[in-house]
Amino acid sequence: MKSNELHRGLETRHLRLMSLGAAIGVGLFLGSGAAIKMAGPSILLGYLIGGLAVFIIMRALGEMAVDNPVAGSFSRYACDYISPLAGYLTGWNYWFFWIVTCMAEVTAVGIYMQFWFPDSPAWIWALISLTAMAAVNFIAVKAYGEFEFWFAMIKVVTIILMIISGLGMIVFGFGNNGVATGIGNLWSHGGFFPNGLTGLLVALPLVTFAYGGIEMLGVTAGEAKNPTQSIASAINSVFWRILIFYVGALFVVMSIYPWNEIGTTGSPFVMTFEKIGIPAAAGIINFVVITSALSSCNSGIFSTGRMLNNLSFQGQALKIFKHINLKGVPVYAILFSVFMLLFGVVLNYVAPKQVFMWLIAISTFASMWTWFIILVAHIKFKKNFEYKKVSNICVPFFPITSYLTIAYLFVVAGVMFFKEDLRMALIIGVIWMFFLVALYYILGYNKKNNIAELTKGKI
C-alpha cells in the first residue's frame with residue numbers, strides 16, 4: 001500500500017453494525033425515559049416519524065457516497081454541489097460535534113465506572129478510555145472496524161434479549177407469576193396521547209438527537225471495500241433495524257410499565273430486566289452503557305481524523321493534516337483531535353457547568369446542520385449534475401420527500417426555539433456559524449480551496 005492514501009479495509013459486516021451502533025446508544029438506554037415522560041406512548045409515533053426522516057437523509061447520503069466514495073463525505077459533497085464555504089462550515093461543524101460528543105462520552109465512562117469502583121477518581125477512567133480508543137485508531141482502519149463491530153454487537157444482543165423477554169411477559173406472563181401483562185398500558189393511563197399532540201411535538205428534538213451519529217456511515221465511504229455494494233447494503237438495512245430496536249424496545253417497555261412510572265427510577269431497561277427477574281440488571285445495563293460510550297468515542301476519533309484530513313485537501317485546514325501513513329491512518333489529524341479531547345476532558349472538570357452546556361449546544365446545532373446540508377447537497381447533486389445510477393439506492397419519491405424532511409428539521413428547530421431550555425442551542429449555534437464564517441475570510445480559506453486536487457480523487 002502507498003502512503004498518503006486511505007486503505008479500504010472496512011467490510012460490509014463492519015458497516016452494517018457500525019451504522020446500527022452509531023444510532024443506538026446512551027440516548028436509548030438512559031435518555032428514552034425523558035422522551036416517554038413528555039409524550040407518553042405516542043413517543044412510538046415520534047420515533048417512527050424521526051426514523052422516516054433519517055431514512056431519507058441516509059438514502060440521500062448513500063446515493064452521493066456510492067457515486068463518489070470519499071472520506072470527506074458530506075463536507076466534500078457540500079463543497080462540490082453547494083459551495084466551498086458550505087463544505088468548510090459542514091466539515092468544521094462536524095469535527096466540533098464529535099469533539100464535544102467524545103468529551104461527554106469519556107467523562108461519562110468515568111462516572112459509570114464508579115458504579116463498580118466508587119472510591120476511584122473519575123478522571124482516571126476517562127483518561128484510560130480516551131487513550132485506549134486513540135490507540136485503536138492508530139493501528140489500522142480494520143482494527144477500528146472490528147472494535148465497532150463488537151461494541152455494536154453488545155448493544156444489539158442486549159436489546160434483542162430484552163425484547164424477547166419482554167414479549168414473553170406480555171404474551172405468556174414470564175416473570176409475572178404467569179399473568180400476561182398484555183399491551184393495555186399503551187392506552188390505559190390517559191390514552192395513547194396523554195399530553196396531546198403538543199407532548200409529542202415537544203419530544204421530537206429528543207427523538208431527533210437520539211438518531212444523531214448515524215450519518216457517520218458516510219465518513220467510512222473512503223475506506224469501505226467495494227463501496228458501491230457495501231454502503232448501499234448497510235444503508236438499506238439500517239433503517240429497518242433501528243426502527244425495530246427503538247420502536248420494538250420501547251413498545252415492550254411501555255407495555256409492561258405504565259408510561260407515567262417510567263423515567264422516575266432510572267433507565268427503562270434496568271426496570272424491565274429487574275421486572276423479568278434478573279437481579280444484576282443495573283450492572284448489565286451499566287456495562288452496556290460503558291461500551292456504548294466507548295463506541296461513540298471510538299467513532300468520534302475516527303470521524304474527526306477523516307474530516308480534518310478532508311478539510312486539509314480542500315485547502316480549509318493545516319496542510320499537515322493531509323499526511324496518511326503506510327497503514328492508511330491520517331496520524332496528525334487524529335493526534336490533533338486527541339489533543340483537543342484531552343483539553344476538553346480537563347475543561348469538562350474545571351469549567352463551570354454552563355460553559356460545557358454551551359459547547360453541547362453548539363454540537364447539537366452542528367448535527368442538525370449536517371443533516372440539512374446532506375439534503376440540500378443531494379438536491380443539487382440530482383438537479384445540477386449528470387447522474388448515472390450505479391446502485392439500487394435512491395431517495396423514494398424525490399424531491400418531495402427531501403423537502404418534507406427539510407421541513408421536519410425546521411419544525412424541530414422551531415420547537416427548540418420556543419422551548420426555553422433548548423433555545424440556547426440555536427442561539428449559540430448561529431453565533432458559532434458567524435464565528436466560523438469570519439475565520440473563513442480572515443484566514444483566506446476563500447482563496448485557498450484546492451478544487452483541482454479534489455477532482456484527482458486523492459482521498
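Residues are numbered from 1 along each chain as its sequence is written, and side-chain values use heavy atoms, with hydrogens and water left out. Because this is a predicted model, local features need pLDDT of at least 70 and side-chain atom pairs count only at pLDDT 80 or more, while totals for chains, interfaces and linings use all residues.

**Colour by confidence.** Start with pLDDT, the predictor's confidence in each residue, from 0 to 100. The protein averages 80, and 86% of the residues score at least 70. Now select helix α15 (residues 400-418): its mean pLDDT, 93, is the highest among the elements. Helix α17 (residues 451-454) has the lowest, 44. Helices here are DSSP runs (H or I, at least four residues), numbered from the N terminus.

**Select Lys382 and Glu63.** The structure holds one salt bridge, and this pair forms it, with the closest N and O atoms 3.1 Å apart. The criterion is a side-chain nitrogen of Lys or Arg within 4 Å of a carboxyl oxygen of Asp or Glu. Lys382 sits in helix α14 (residues 353-384) and Glu63 in helix α4 (residues 43-67). The two are 319 residues apart, so the pair links distant parts of the chain. Glu63 is buried at 1% relative accessibility. Lys382 is partly exposed at 28%. Buried means under 20% relative accessible area, exposed over 50%, partly exposed in between (1.4 Å probe, protein chains only).

**Select Ser75.** Go to helix α5 (residues 73-81). Ser75 is buried, with a relative accessible area of 0%. Its side chain makes a polar contact with the side chain of Asn310, at 3.3 Å. That term covers a pair of N or O atoms within 3.5 Å; within protein, one must be able to donate a hydrogen and the other to accept it, and residues adjacent in sequence count only if both atoms are side-chain atoms. Show the surroundings too: leaving aside neighbours within four places in sequence, Ser75 touches Gly87, Thr90, Gly91, Met307, Asn310, Leu311 and Gln314.

**Finish on the surface.** Select Trp123, Ile124, Leu127, Ile128, Leu342, Val346, Tyr349 and Val350, a nonpolar patch with about 740 Å² of accessible area together. Helices α7 (122-139) and α13 (331-350) each give two or more residues to the patch. Patch members have over 30% relative accessible area and no salt bridge; nonpolar side chains (Val, Leu, Ile, Met, Phe, Trp, Tyr) are joined within 5 Å, like charges within 9 Å. Areas come from the Shrake-Rupley method with a 1.4 Å probe; for residues, only the protein chains shown count as cover. Last stop: Tyr349, in α13, partly exposed at 37% relative accessibility.

Technical notes. Contact means heavy atoms within 4.5 Å.
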